[in-house]
Amino acid sequence: MSTVATSQIKLTPEHARPRASVRSRLQDALPKIVLAPSFAITIVFVYGFILWTIYLSFTNSKTFPSYVITGSRAYQRLWGWTFDTDPPSSWYTSITNMGIFGFLYIFICLALGLFLAILLDQKIRGEGVLRPIYLYPMALSFIVTGVAWKWFLDPGLGLEQTLHQWGWTSFHFDWIKNKDFVIYTVVIAGVWQASGFIMAMFLAGLRGIDGEIMKAAQIDGATTFQLYRRIVIPLLRPIFLSAFIVLAHLAIKSYDLVVALTSGGPGGSAWLPSNFMYEYTFKRNEMAVGSASAVIMLMTIVAIIVPYLYSELREKPQ
């Protein structure tokens with residue numbers, strides 16, 4: 001009986017080991033199996049089409065893709081349209097608007113978001129009500145934001161018309177119909193939508209600062225201005241960097257906000273590079289030029305994001 005019992009004890013683990021091995025392999029492989037379709041789709045429909053767009057930018061594609069390589073002709077056309085055209089070309093207008101919109105959009109969102117976060121960080125009464133109010137615009141699509149601000153800024157039915165009905169007939173605000181100022185209406189709508197989200201980022205950073213540091217600085221005689229300038233704002237540097245990346249990405253790819261708000265502006269005066277790319281690719285049958293402008297937009301985003309990723313992912317010195 002002892003021999004039989006011993007053999008049973010030895011045989012049971014040997015038979016159970018393969019089953020456990022198969023089960024563990026399936027458990028290890030299950031996440032990969034689940035993620036494989038989305039990973040394959042991302043590779044094909046994101047990175048694959050990025051490579052396809054880069055390829056098209058070096059061809060003579062018009063209405064349909066062409067496989068004839070013509071070198072950098074499309075980029076040369078964009079370069080010429082930037083510096084050698086008089087009056088300015090639509091591409092020159094697009095990149096100029098991108099500079100104006102990008103700078104004002106990022107700067108005002110950062111300043112306003114930080115200001116609102118500092119106010120809410122004072123533990124004011126009604127903070128739980130104010131935070132959702134500030135964050136609500138970010139829940140709206142750019143189309144809804146653009147249409148709402150189009151109604152508000154339209155001189156015939158928005159702010160100007162309302163003030164005229166109240167008796168202030170000398171008030172005029174026709175930026176949305178003025179080719180020299182229409183891009184600033186895009187800035188107004190964009191800031192209104194994104195500043196609440198940036199406020200939430202800064203508020204989270206403020207709530208994460210050690211209170212002992214603040215108390216020690218106050219004991220040393222630091223004023224409120226010195227406290228924020230020398231301690232709080234430097235500690236918020238990672239938040240500033242993350243907010244900058246988010247805002248820069250939103251600014252470069254902005255398309256629907258411009259279309260919904262201004263329909264491109266008078267004579268395309270509110271175009272951004274994304275609007276130029278769509279117009280030339282799908283309406284003017286210049287697919288190579290549109291692809292070249294898309295590649296330039298991609299390179300701009302890469303130039304912003306890659307240094308950020310490098311600074312975040314590099315190993316800290318010991």
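Analyst: Residues 287-310 are 100% helix and 0% strand, with 33 Å between the end C-alpha atoms. That stretch is one of those that UniProt, in an unreviewed entry, lists as "transmembrane region"; the others in the record are 33-55, 98-121, 133-152, 181-206 and 227-252. Residues 33-55 also come out as 100% helix and 0% strand in this predicted model, and their end C-alpha atoms lie 32 Å apart.

α7 covers 182-207, and Ile176 sits in the loop that links α6 (159-165) to α7. Is Ile176 buried or exposed? Its relative accessibility is 10%, and because buried means under 20%, Ile176 counts as buried. What does Ile176 touch, once neighbours within four places in sequence are set aside? Its contacts are Lys150, Leu153, Asp154 and Pro155, then Val182 and Thr185, and finally Leu261, Thr262 and Pro266. Trp149 is 27 residues away from Ile176 along the chain, and their C-alpha atoms are 9.7 Å apart.

On to the helix itself, starting with α10 (residues 237-252). The axes of α7 and α10 are 10 Å apart, and the two pack at about 160°. Angles over 145 degrees count as roughly antiparallel, so that is how α7 and α10 run relative to each other. The crossing is right-handed. On the α7 side, the contact is made by Ala194, Phe197, Ile198, Met201, Phe202 and Gly205, while α10 brings Ile239, Phe240, Ser242, Ala243, Val246 and Leu247. Sorted by class, this contact of α7 with α10 has ten nonpolar residues, two polar ones and no charged ones.

Then there's α4 (residues 127-139), whose axis comes within 5 Å of that of α7, at a crossing angle of roughly 135°. α4 and α7 are therefore oblique to each other, and their crossing is left-handed. From α4, the contact uses Glu127, Arg131, Tyr134, Leu135, Pro137 and Met138. From α7, the contributors are Trp192, Gln193, Ala194, Gly196, Phe197, Met199, Ala200, Leu203 and Arg207.

Key:
Residues numbered from 1 in each chain as written. Predicted model: local features only at pLDDT ≥ 70, side-chain atom pairs only at ≥ 80, totals over all residues. Heavy atoms only, no water. UniProt positions renumbered as here; feature names shortened; annotations may be inferred. Helix = DSSP H or I, 4+ residues; strand = E, 2+ residues; numbered from the N terminus. Buried < 20%, exposed > 50% of the residue type's maximum accessible area, 1.4 Å probe, protein only. Contact = heavy atoms within 4.5 Å. Axes fitted to C-alpha atoms, helices over the stretch in contact; angles between N-to-C directions. Parallel < 35°, antiparallel > 145°, perpendicular 65-115°, else oblique. Left-handed = near helix turned anticlockwise from the far one by under 90°. Nonpolar A, V, L, I, M, F, W, Y, C, P; charged D, E, K, R; others polar.
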